[in-house]
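Me: Please show the sequence and the model, and then let us discuss them by question and answer.

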Amino acid sequence: MVVGLLLAGALLIGRLFSLQILDDKYKESAWNNSLYYDVIYPTRGVIYDRNGNIIVGNKVAYDIMVTPKDVPPFDTVKLASVLGVEESFLKERFAEFSRRKDLSHQNRPLLRSLTPEDYMKFSEVQYLFPGFKGQVRSIRDYPVNAGGNLLGYVAEVDQNFLRKHQGEYRSGDYAGRTGIEAAREKDLRGEKGYHIYLRNSHNQIEAPYKNGEMDKEAVPGHDIYTTIDADLQQYGQQLMQNKVGSVVAIEPSTGEILSLISSPGINVDQLANFGKHYSEIMNDPHRPMYNRAVQASYPPGSVFKLVNGLIGLQEGVLKPEYTYPCNYGYYYGSHNKLGCHGHPSPLDLEHAVMMSCNGYFCYVLKNVLENKKYPVIDDAIDNWREYVMSFGLGRKLGSDFPSELGGTIPSSATYNKRYGQGGWKFTTIVSLSIGQGEIGVTPMQIANLCAIVANRGYYYIPHIVKASEGVEIDPKYRERQYTMVDTTYFMDVIPGMWLAVNGGPGSGGTATSVAVPGLDMCGKTGTAQNPRGADNSVFICFAPKDNPKIAIAAYIENGGFGVTWAAPIASLMVEKYLNGEISSDPYRQALQERILQGDLMSRVKGD
């Protein structure tokens with residue numbers, strides 16, 4: 001019994017000796033209330049374009065920070081004078097701090113982005129204001145106007161963000177909230193460091209803890225190399241001034257996004273001080289924060305005829321030499337007609353693509369949906385839907401760009417719900433033939449469709465970040481994605497796209513006015529009905545015809561015919577990218593000037 005008690009006592013004494021004398025970890029824990037951590041914010045990674053040009057850099061900003069519980073009564077008039085603010089501002093800020101007692105011990109921002117002169121004034125009198133300190137940090141700098149919707153903005157985290165990222169951030173931290181800044185936040189942000197100081201009994205900072213041995217250096221964020229061509233992006237933004245819509249350009253051989261424009265958008269001047277412009281941006285009826293390139297769901301219009309033609313070829317209900325008539329449209333029922341413009345008739349596939357014939361593609365989809373191998377039209381439309389979605393339409397592509405939406409492609413369930421089982425047929429949904437009706441796709445998906453045709457049947461998932469030192473990209477971006485249509489059939493639609501731009505014997509195509517000598521461009525116009533105003537103008541093209549370097553889609557709301565606004569914008573961007581400049585030819589110069597001066601904003605009724 002006695003031996004047991006002695007043994008237990010010896011163990012207890014040994015444990016106390018270990019905790020109190022040998023183990024520094026417990027001393028440090030006990031001293032936590034006497035330690036002050038001065039956070040060192042890392043430099044955020046730089047963002048480059050594909051050619052190594054800086055599109056987002058950093059510059060120095062000066063802040064005043066405060067730890068509310070360390071602040072004794074102070075001369076508010078003097079501090080307000082030094083900082084160049086109203087005395088009421090300080091009182092309001094401290095009233096806010098008082099409401100958040102749980103954060104009173106944290107080092108919190110009082111005033112952001114002081115001028116260097118005001119910061120120096122404060123530094124000279126900082127000793128008079130315990131609990132206040134100056135902080136130098138880096139903020140974003142934009143040497144190139146590569147577009148706010150593309151780049152995204154960095155802002156102070158709010159409570160919702162903190163809840164979603166528990167333990168990763170604290171009040172006063174900044175994070176990327178949209179665009180590339182958000183998509184690559186983990187790479188760009190780096191790791192915070194800190195200096196540790198001892199406090200004395202009066203709660204004043206006295207000396208570095210352990211002579212700085214326990215300090216941690218901040219680790220700068222990784223630089224990001226994007227796939228964007230900054231010159232092309234800037235030029236496209238200029239062309240899209242005073243227009244609503246978007247332009248997306250892709251390198252077909254890699255899936256790299258060369259340009260992603262949403263208009264109207266946020267310019268980099270607003271990004272640099274987003275908080276100041278927040279109300280202005282949010283109250284704009286054209287919603288500049290709304291990235292139409294990846295979020296807007298539009299009817300694709302006549303560019304979708306390529307998809308229906310390819311499905312017809314794969315299903316064996318269409319051959320390139322088949323001809324169909326068109327007398328200003330497709331007639332069905334007793335008095336119904338889906339109209340078309342005047343052109344020679346009948347047409348084969350090549351010339352139907354060239355002329356963008358509505359009637360021809362109504363016959364094509366009719367044969368696809370009334371194919372005898374499907375017992376009922378429900379099966380036929382669901383099979384058609386699988387084909388369409390294999391082109392990356394009506395679903396998320398899986399891009400690395402944030403906030404991408406999917407769009408819609410109708411199924412038998414769509415129509416059974418609307419019309420009842422057996423209550424619909426091809427003529428009920430005839431508008432699908434020309435990319436109207438219940439189809440909704442994003443401009444990025446339309447650009448990707450163009451890249452698929454340029455590649456003759458496959459695509460790489462569009463992406464905006466290149467792999468670089470310390471930055472990996474998902475292997476899926478290097479994998480070919482094939483459609484359900486055999487690659488051999490794509491050669492049957494390309495001649496018509498070439499003729500649409502470059503013309504042919506007898507009559508011209510729908511986009512000959514935007515041809516560029518020597519570029520061998522292939523294109524397809526589209527005009528999509530818009531319930532809120534004039535038709536939307538759509539155009540896709542790639543160049544050159546063989547070994548394409550660029551595939552592009554332009555979608556202009558209320559722009560009318562595809563050749564009126566979308567086609568010139570796309571062709572000018574292709575010329576700029578491939579040739580480096582716009583030809584001095586008077587016609588091309590006049591076309592560029594018309595687009596630059598064009599103002600369609602008055603046509604748009606809002607989203």
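This is a predicted model: local features need pLDDT of at least 70, side-chain atom pairs count only at pLDDT 80 or more; totals for chains, interfaces and linings use all residues.

Reply: Residues are numbered from 1 along each chain as its sequence is written, and side-chain values use heavy atoms, with hydrogens and water left out.

Me: Which strands are the edge strands of the open sheet of 5 strands?
Reply: The strand order is 12-11-19-18-17, with antiparallel pairing; strands are DSSP runs of E, at least two residues long, and helices are runs of H or I of at least four, both numbered from the N terminus. Two strands pair if DSSP finds at least two bridges between them. An edge strand pairs on one side only, and this holds for strand 12 and strand 17 (522–528).

Me: At what angle do the axes of helix 16 and helix 17 cross?
Reply: Helix 16 (residues 358–369) and helix 17 (residues 377–390) have axes that come within 8 Å. L365, V368 and L369 of helix 16 meet I377, A380, I381 and W384 of helix 17, where contact means heavy atoms within 4.5 Å. Axes are lines fitted to C-alpha atoms, for helices over the stretch in contact, and angles run from 0 to 180 degrees between N-to-C directions. The two axes cross at roughly 115°.

Me: Why is helix 21 described as largely enclosed by the rest of the structure?
Reply: Buried means under 20% relative accessible area, exposed over 50%, and partly exposed in between (1.4 Å probe, protein chains only). The buried residues of helix 21 (residues 566–579) pack against several elements, including helix 10 (230–239) and strand 11. Helix 21 is largely enclosed because the buried residues number 10 of the 14.

Me: Is E251 buried or exposed?
Reply: E251 is found in strand 11 (residues 245–251) and touches R50, E256, L258, K549 and Y577, not counting residues up to four places away in sequence. With a relative accessible area of 15%, E251 is buried.

Note on methods: The expected span of a helix is 1.5 Å times one less than its number of residues.
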